[in-house]
Amino acid sequence: MTDGSREVAPERVVAVFDVLGTLVNQAEGLRRRVEATTGLDREEATAIVDEWLSGVAEQENGVVRGERAFATSDQLDAEVLEHLASRSALPAAAVPALVGASAFSPPWEDSAAGLRSLAEVATVVGLSNASRRVLTGLSVHAGFRWHQLLSAEDAGIYKPAAAMYELAMASVPTSSRPPLMVAAHAWDLRAARAAGMRTAYVPRPDADPPSPGERFDIHATSLADLEMRLRAETE
């Protein structure tokens, strides 16, 4: 695009990514960690992880509802794991090794390369309920590169509270178009839309798909498809 004789660069899209579930397979990473730490078999480890994640989600929602004080994801991990150990569902000695284990979640096959490629056309931001420590470790182990990385720890609240999405919108360059929230979880996208963001759904196994007939601004089939769509926006 030109302005007289002066070349004007196209406006960059701001893409804000959910991390756990959308870019990494958190449940699988935790299952492997439980197996390695405790010696439990796959079925037993899966049951532990299901209860662990459910317990953490319940505590996060308690923070959002104002029923308890904010605690980081590491602290919530410890609370839930210690509760499981108190019921003898998990060896107590395994708890310290499991706290913060989400930092070792394996990325989906297209995540690292997809983020690098998307960064050529978009400002890429991470927005996660995970703690800063977990997000730093995860970025190292998964090979993720960001323009900005934001944690619930920065907002003192968890998604789907509006303050999390408002934090993202306040932390990125001013643009004529709202930032685009990218997630595999429909609940995340609904909350982002209510806060004033655009939305892009990317499917992942065992995530939270849209309801029948539910539409977001973009329904991409993959990160490569999302990149193609965002490149078209800037042309």
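What covers the buried residues of helix 8? In this predicted model, the covering elements include strand 3 (13-17), strand 4 (122-128), strand 5 (148-151), helix 7 (152-155), strand 6 (180-183) and helix 9 (186-194).

**Helix 8**
- Within helix 8, which spans residues 162-170, the buried residues are M164, Y165, L167 and A168.
- Because these buried residues fall within an arc of 150° when seen down the axis of helix 8, they line one face of the helix.

**Helix 5**
- Helix 5, spanning residues 111-118, has S111, A112, G114, L115 and L118 buried.

**Largest pocket**
- The largest pocket has a computed volume of about 990 Å³, and 37 residues line this pocket, with L20, Q26, A27, L53 and H185 lying nearest its centre.
- At least two lining residues are supplied by each of helix 1 (26-38), helix 2 (42-64) and helix 3 (73-86), and helix 2 gives the largest share of the lining, 11 residues.
- Sorted by class, the lining of the largest pocket consists of 16 nonpolar, 11 polar and 10 charged residues.

Technical notes. Residues are numbered from 1 along each chain as its sequence is written. This is a predicted model: local features need pLDDT of at least 70, side-chain atom pairs count only at pLDDT 80 or more; totals for chains, interfaces and linings use all residues. Side-chain values use heavy atoms; hydrogens and water are left out. Buried means under 20% relative accessible area, exposed over 50%, partly exposed in between (1.4 Å probe, protein chains only). Helices (H or I, at least four residues) and strands (E, at least two) are DSSP runs, numbered from the N terminus. The arc is that of the directions from the helix axis to the C-beta atoms. Contact means heavy atoms within 4.5 Å. On a 1 Å grid over the protein atoms alone, a cavity is a set of points where a 1.4 Å probe fits but cannot get out, and a pocket is an open set with protein on both sides within 12 Å along at least five of seven lines; lining residues have an atom within 4 Å of a point. Grid points are joined across faces, edges and corners, and a volume is the space filled by probe spheres set on the points. Ala, Val, Leu, Ile, Met, Phe, Trp, Tyr, Cys and Pro count as nonpolar, Asp, Glu, Lys and Arg as charged, and the others, Gly among them, as polar.
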